[in-house]
Amino acid sequence: MTEIKTVLVANRGEIALRVVRACRELGLRSVVVYSTADADSIPVRMADDAVCIGPPEPGRSYLNIPNVIGAALRTGADAIHPGYGFLSENPDFAAVCAEEGLVFVGPSSEVMSSLADKAVTRALMSAAGLPLLPGTQAALRNAEEAERIAGEVGYPVILKAVAGGGGRGMRVVREPGELAEAYSRTQAEASLAFGDGGLYLERYLEGARHIEVQILADRFGNVVHLGERDCSVQRRHQKLLEESPSPALNDEQRAAIGAAAVAGARSVGYEGAGTMEFLLDRDGGFWFMEMNARLQVEHPVTEMVSGVDLVAEQLRIAQGEPLRIRQSDIVLRGHAIECRINAENPERDFAPSTGRIARYRPPAGPWVRVDSHLEEGMSVSPYYDALLAKVIVWADDRLGAIERMRRALDELVLEGPGLTTCAAFHRDAILSNPEFRSGNFDLDLVHTIH
């Protein structure tokens with residue numbers, strides 16, 4: 001077992017603060033890296049130490065591997081927690097950590113490499129017996145091959161970036177005549193976003209829901225799942241609201257999808273916290289989509305229903321401890337909902353918004369949790385993700401959680417010159433929508449009501 005004493009947090013914003021807090025509760029020293037744009041941020045002030053690693057542009061700071069590693073070595077860190085985004089799923093970064101004697105809080109570089117290529121992951125999960133939608137088992141060579149395979153599996157199809165994530169690099173194609181242009185545009189977007197223009201293709205399911213399963217795995221082959229999250233409330237393939245459990249699953253389906261997630265993670269020798277993502281069709285069948293080899297933005301809803309601190313478990317696994325919980329120990333209670341409060345304008349097709357925060361008062365009260373790094377006076381930078389805060393609530397049942405979230409969002413004050421958020425859209429458009437409240441909706445919900 002490798003004893004960890006100091007953790008360098010290679011991230012910013014709310015997830016950096018989340019990891020700092022977990023370190024403090026475990027008695028670990030924390031070091032935060034930051035860009036000049038984040039010099040006065042709360043994570044920087046709350047960590048035991050902080051190191052500036054460059055200017056605001058992510059490529060020159062949070063994505064700069066030599067700068068991050070140098071900060072870890074200079075401050076005596078034993079381990080690096082990457083959070084989500086930035087370097088969290090970069091196998092080269094995990095490999096450099098290992099070469100420098102630093103514990104990477106996540107899976108090995110080898111496992112991450114296989115999961116980073118979504119086409120390769122499909123092949124691995126198919127071999128493990130997970131159900132896959134018809135499509136490609138390797139990256140497409142060109143648009144002509146995409147047209148041939150689309151003709152075989154049937155339209156509509158969806159093109160996806162092999163290195164994709166976060167809902168980017170995806171495009172639905174409904175007619176054969178649309179495919180060549182869609183291939184070119186998606187390839188260009190993938191190259192720009194991920195530095196890899198590789199694409200794969202699978203049949204597109206109409207009326208599907210997005211269901212994901214949280215797993216924890218140690219280096220001794222122990223793997224458990226902590227239930228599912230329903231992430232079907234999305235705009236442009238990006239999540240807005242998540243809840244657990246899913247109102248679309250019965251107990252039999254829940255057990256089956258959890259078992260599939262465990263089998264998939266075990267088949268690749270996964271270690272750490274990870275998420276298996278599935279599509280649920282109208283007939284109740286589920287289909288593997290991809291595995292995310294990191295902590296998810298929406299992990300708090302799982303923490304709320306399971307009582308398991310996922311970041312603390314990540315750190316324990318990283319230093320070589322066996323899982324402390326078996327599947328039979330995990331009891332999921334009640335219902336949790338998370339609303340992402342993004343700096344974006346729903347009236348302008350969720351266009352990003354920037355500005356200075358003049359007034360901020362987070363909601364509180366029973367079973368309300370806010371994960372954020374906000375404070376009055378700070379500026380919302382155009383350089384980073386639009387996520388400002390996550391409001392998470394828990395209640396005995398789903399309707400109780402919906403009403404608690406509406407109350408929490410009523411209390412939220414987040415204002416500033418030029419700044420617009422999606423908080424009111426959550427409260428007035430989604431949480432009040434009859435289809436959402438009934439639990440009978442699919443991935444088109446936001447498109448339908450927007």
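Predicted model: local features only at pLDDT ≥ 70, side-chain atom pairs only at ≥ 80, totals over all residues.
**Entry 1: helix H10**

Residues are numbered from 1 along each chain as its sequence is written, and side-chain values use heavy atoms, with hydrogens and water left out. Helices (H or I, at least four residues) and strands (E, at least two) are DSSP runs, numbered from the N terminus. Because 7 of the 8 residues of H10 (residues 299-306) are buried, I recorded this helix as largely enclosed by the rest of the structure. Just after H10, I found Gly307 with a positive phi of about 75°.

I then asked which residues of H7 are buried. They are Ala143, Glu145, Ala146, Ile149, Ala150 and Val153. Seen down the axis of H7, these buried residues fall within an arc of 150°, so they line one face of the helix; the arc is that of the directions from the helix axis to the C-beta atoms. The face turned away from the buried side carries the exposed residues Glu144, Gly151 and Glu152. Among what covers the buried residues of H7 I listed strand E6 (157-165), helix H8 (179-194) and strand E8 (199-203).

At the start of H7, I found a side-chain oxygen of Asn142 within 3.2 Å of the backbone nitrogen of Glu144. Just after H7, Gly154 takes a positive phi of about 95°.

I looked up Thr136 in the loop between helix H6 (118-127) and helix H7 (143-153), and this residue counts as buried at 5% relative accessibility. Leaving aside neighbours within four places in sequence, Thr136 is in contact (heavy atoms within 4.5 Å) with Arg122, Ile149, Tyr200 and Leu201.

**Entry 2: two buried loop residues**

Asn11 lies in the loop between strand E1 (6-9) and helix H1 (13-26), and is buried with a relative accessible area of 3%. A polar atom of the Asn11 side chain lies 2.8 Å from the backbone oxygen of Tyr84. For polar contacts the rule is a pair of N or O atoms within 3.5 Å; within protein, one must be able to donate a hydrogen and the other to accept it, and residues adjacent in sequence count only if both atoms are side-chain atoms. Leaving aside neighbours within four places in sequence, I found Asn11 in contact with residues including Val32, Val33, Tyr62, Pro82 and Tyr84.

Ser353 sits in the loop between strand E16 (351-352) and strand E17 (355-356), and is buried with a relative accessible area of 9%. Which backbone atom lies 2.9 Å from a polar atom of the side chain of Ser353? I found the backbone nitrogen of Thr420 there, while the side chain of Ser353 also reaches the backbone oxygen of Gly418 at 3.2 Å.

**Entry 3: cavities and a pocket**

On a 1 Å grid over the protein atoms alone, a cavity is a set of points where a 1.4 Å probe fits but cannot get out, and a pocket is an open set with protein on both sides within 12 Å along at least five of seven lines; lining residues have an atom within 4 Å of a point. Grid points are joined across faces, edges and corners, and a volume is the space filled by probe spheres set on the points.

I found 2 cavities of 30 Å³ or more. The largest cavity holds about 40 Å³ of space, and its lining consists of Val105, Gly106, Glu271, Gly272, Ala273, Gln314, Ile317 and Ala318. H11 gives the most to this lining, with 3 residues. The second largest cavity has a volume of about 30 Å³ and is lined by Tyr204, Leu205, Glu206, Gly207, Ala208, Asp442, Leu443 and Asp444.

The second largest pocket has a volume of about 300 Å³. Its lining comprises 19 residues, of which Arg12, Ala37, Asp38, Met378 and Ser379 lie nearest the centre.

Terms used: Buried < 20%, exposed > 50% of the residue type's maximum accessible area, 1.4 Å probe, protein only.
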